[in-house]
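Have the sequence and the model open beside you as you read.

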Amino acid sequence: MANRGPVPVKSCFIWSIHRKHKRITKEMTMAATKSEVIKIKHLPPLSATATRLLELVGDPNVEIDDLTQIIDRDPALSARILGLANSAYFAQSRPIHRVRDAIIRVLGLNMVKSLALSIAMCGAFDTRKCKGFNLEEYWCAALGSAAMSQAVATQTHADQALLSDSVYLCGMMWNLGALVLAHLYPEGMSQVYATLAEEPEANARALERQYIGFDSQQAGAWVAQRWHMPEAVVTAIVHQGDVNYQGAHEGEVLITGAVAQWISGYLAGDEALLSEADPLVTRMEIGRDALRALDTRFREQCEELRATARLLV
């Protein structure tokens, strides 16, 4: 190879300046991101109701009366639980007037624990300043992901009772980070939603990192860890979309991830089928026919689910 001679001093100087600029820019970006993360770490503590509910979520021996008392002491939460129990989605022939009856006759103890905790936690965030954030769509995706994740869990060969309860809460919380970002960074997230409206195929998380410095998955994980949520929930958020995950909460990660992705696509107009979610078939060993049946049932109930989500707005 021919010797091209020494590199001109001017070129070396420019390259050195460019490298230094990139390093400084990277350091500034990291510092800015760290500053933004601090905001999340200094979110106000959970409400007294949410704190008590969080303690019950981790207690397998909780009594109905204990849960009922906590919810009854919070009129707004009580009204929402009763509204859900009386919604068309749960198809009750007789009206439900008491939280205890909602637990026994309609929703069940573990579902009410998860619903009440999700509602109480999400009440800490105000998304009204974030243009483009649709709270009804958020709750529709959360409720749908929880219900469908639970239904999918019943088709596995795992410990179905334990897994179905766990994935319900994971499904309710998988997109918690979107609420966090809409609350803390309404301007940045407004830009994200405006861009998505113009470019529907754009990557939402990439846009979040562009306008804010990190994405909703990271934000959700930080908040879930800070508020000491169950390990399964934290893991499902941290490893969301990781089809290669192997660990203690494999069922929660794979089921919630596949279902949440499918439901988000469906609500956005994507016609993909749940039976095409390979992790559910290959890793969780669920038959495609069973998944098609669940897919059909969800589509038939989607309008009732939307009506139910409106009760939480």
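Q: Why does E285 count as exposed?
A: Good place to start, and keep in mind that this is a predicted model. The label exposed asks for over 50% relative accessible area. E285 has 52% relative accessibility, so E285 counts as exposed.

Q: Where is E285 found?
A: Look in the loop between α15 (278-283) and α16 (288-310).

Q: Which loop holds H228, and what is its phi?
A: H228 sits in the loop between α12 (216-226) and α13 (231-238). Its phi is positive, about 55 degrees, and H228 is not a glycine.

Q: Is H228 buried or exposed, and how do you know?
A: Set the value against the cut-off: exposed means over 50%. With 65% relative accessibility, H228 therefore counts as exposed.

Q: What makes T296 partly exposed?
A: T296 has 41% relative accessibility, so T296 counts as partly exposed. You will find T296 in helix α16. From T296 to L274 is 22 residues in sequence, and 9.3 Å in space, C-alpha to C-alpha.

Q: Why is α2 called roughly antiparallel to α6?
A: Helix α2 (residues 48-57) and helix α6 (residues 109-122) pack at an angle of about 150 degrees, with their axes 9 Å apart. Angles over 145 degrees count as roughly antiparallel, so α2 is roughly antiparallel to α6. The crossing of α2 past α6 is left-handed.

Q: Which residues of α2 and α6 meet?
A: From α2 come A50, L53, L54, L56 and V57, and they meet K113, A116, L117, A120 and M121 of α6. By class, this contact of α2 with α6 has nine nonpolar residues, no polar ones and one charged.

Q: How many residues of each class are in the contact of α7 with α14?
A: The residues in α7 that meet α14 include C140, A141, M148 and V152, and among those they meet in α14 are I255, V259, W262 and L267. The contact of α7 with α14 divides into eleven nonpolar, four polar and one charged residues.

Q: How do you know that α14 is mostly covered?
A: Buried means under 20% relative accessible area, and 14 of the 18 residues of α14 are buried.

Q: How far does α14 reach, and what follows α14?
A: Helix α14 (residues 250-267) reaches 26 Å from its first C-alpha to its last, close to the 26 Å expected at 1.5 Å a residue. After α14 comes G269, with a positive phi near 100 degrees.

Terms used
Residues are numbered from 1 along each chain as its sequence is written. This is a predicted model: local features need pLDDT of at least 70, side-chain atom pairs count only at pLDDT 80 or more; totals for chains, interfaces and linings use all residues. Side-chain values use heavy atoms; hydrogens and water are left out. Axes are lines fitted to C-alpha atoms, for helices over the stretch in contact, and angles run from 0 to 180 degrees between N-to-C directions. Helices (H or I, at least four residues) and strands (E, at least two) are DSSP runs, numbered from the N terminus. Angles under 35 degrees count as roughly parallel, over 145 as roughly antiparallel, 65 to 115 as roughly perpendicular and the rest as oblique. A crossing is left-handed if the near helix is turned anticlockwise from the far one by less than a right angle, and right-handed if clockwise. Contact means heavy atoms within 4.5 Å. Ala, Val, Leu, Ile, Met, Phe, Trp, Tyr, Cys and Pro count as nonpolar, Asp, Glu, Lys and Arg as charged, and the others, Gly among them, as polar. The expected span of a helix is 1.5 Å times one less than its number of residues. Buried means under 20% relative accessible area, exposed over 50%, partly exposed in between (1.4 Å probe, protein chains only).
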